[in-house]
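Biologist: I would like to learn how to read a model of this kind, one feature at a time. Could we begin with the strands?

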Amino acid sequence: MNVIEAIEKRRSVRKFKKNEIDKDILIGILKAGICAPSPKNNQPWKFVVLTDGSKKELVKIIENGFENIKSSFGLIIDEKNFLSSAQATLKIMEEAPVIIIVINTENKNADRQTPVKKFLEMANVQSIGASIENMLLAALEYGIGSLWISDIYYTVDEIKKWLETEGQITAAVALGYPDENPPPVKRKEMDVLVEWKENCIS
Ligand SMILES: Cc1cc2nc3c(=O)[nH]c(=O)nc-3n(C[C@H](O)[C@H](O)[C@H](O)COP(=O)(O)O)c2cc1C
């Protein structure tokens, strides 16, 4: 599959078969993630691969986190919607045989930021995004479906404590053999998204 084909064929997969993924394939996917560009090649990422028992434990931690949120404060309407979406995503995580937690290892002193550091912080997040997209595209090449997940935001503190890790939990990626073939999701038109400027702007 060429790169353009892969970019166009990738879909968010939310239904997975139970089959495990070979470690060699997972290594291939992670290698693709590690190949992503980063500011000054600082490679601001770390990946924690959860399967079997550790993945079940993650799901429990998130479930408990949701219970605490519901009982600790009254959610405003928007947050209720976010929480029900996060609960739906958790079901997907439960079914996916592999979850990769992506950690930003560079963003440590968010409270003492100069403008340059703030920009670098954004650059680190951009490269982590590139690394995740690389993994999703590589997964496709191996016949593996994937879902990029940010619905873990309610429980990042609990996940970080459980993993005993430094850094910032940035995203999760669910992987598994697809049990659905989702159609493409509509994109905005190119002329809404792109401005072409050919002459000098005075
Ligand atoms: C940063 C990011 C976070 C996302 N988080 C979630 C999520 O938590 N749950 C979910 O079901 N989908 C999530 N998605 C998938 C998007 O809903 C999906 O990419 C979008 O609807 C476009 O569909 P496509 O990926 O099939 O092209 C996320 C995607 C991105 C890029």
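Modeller: Start with strand β2, residues 98-104, which is mostly covered, with six of its seven residues buried. Keep in mind throughout that this is a predicted model.

Biologist: How many bridges join β1 and β2, and in which sense do they pair?

Modeller: Seven bridges join β1 and β2, and the sense is antiparallel. On its other pairing, β2 meets strand β4 (residues 168-176), again antiparallel and over seven bridges.

Biologist: Why does Gln43 count as partly exposed?

Modeller: The call rests on a count of neighbours: a residue is buried at 20 or more other C-beta atoms within 10 Å, and exposed at 12 or fewer. Gln43 has 17 C-beta neighbours inside 10 Å, so it counts as partly exposed.

Biologist: And Asp52: what is its phi, and is it buried or exposed?

Modeller: Asp52 also is a residue other than glycine with a positive phi, near 45°. Its place is in helix α3, residues 52-72. Asp52 counts as exposed because it has 10 C-beta neighbours inside 10 Å.

Biologist: Where is Glu198, and how many C-beta neighbours does it have?

Modeller: Glu198 is found in the segment after α7 (190-193). It has 4 C-beta neighbours inside 10 Å and therefore counts as exposed. The C-alpha atoms of Glu198 and Asp22 are separated by 50 Å, and the two residues are 176 apart along the chain.

Biologist: Last, the ligand. Which residues are around it, and which strand gives the most to the shell?

Modeller: The residues around the ligand are Arg11, Ser12, Arg14, Thr89, Leu147, Trp148, Ile149, Ser150, Asp151, Pro182 and Val185. Strand β3 (residues 145-149) gives the most to this shell, with three residues.

Biologist: What does the shell contain by class?

Modeller: Sorted by class, the shell around the ligand has five nonpolar, three polar and three charged residues.

Note on methods: Residues numbered from 1 in each chain as written. Predicted model: local features only at pLDDT ≥ 70, side-chain atom pairs only at ≥ 80, totals over all residues. Near = placed C-beta within 6 Å. Helix = DSSP H or I, 4+ residues; strand = E, 2+ residues; numbered from the N terminus. Nonpolar A, V, L, I, M, F, W, Y, C, P; charged D, E, K, R; others polar. Pairing = 2+ DSSP bridges.
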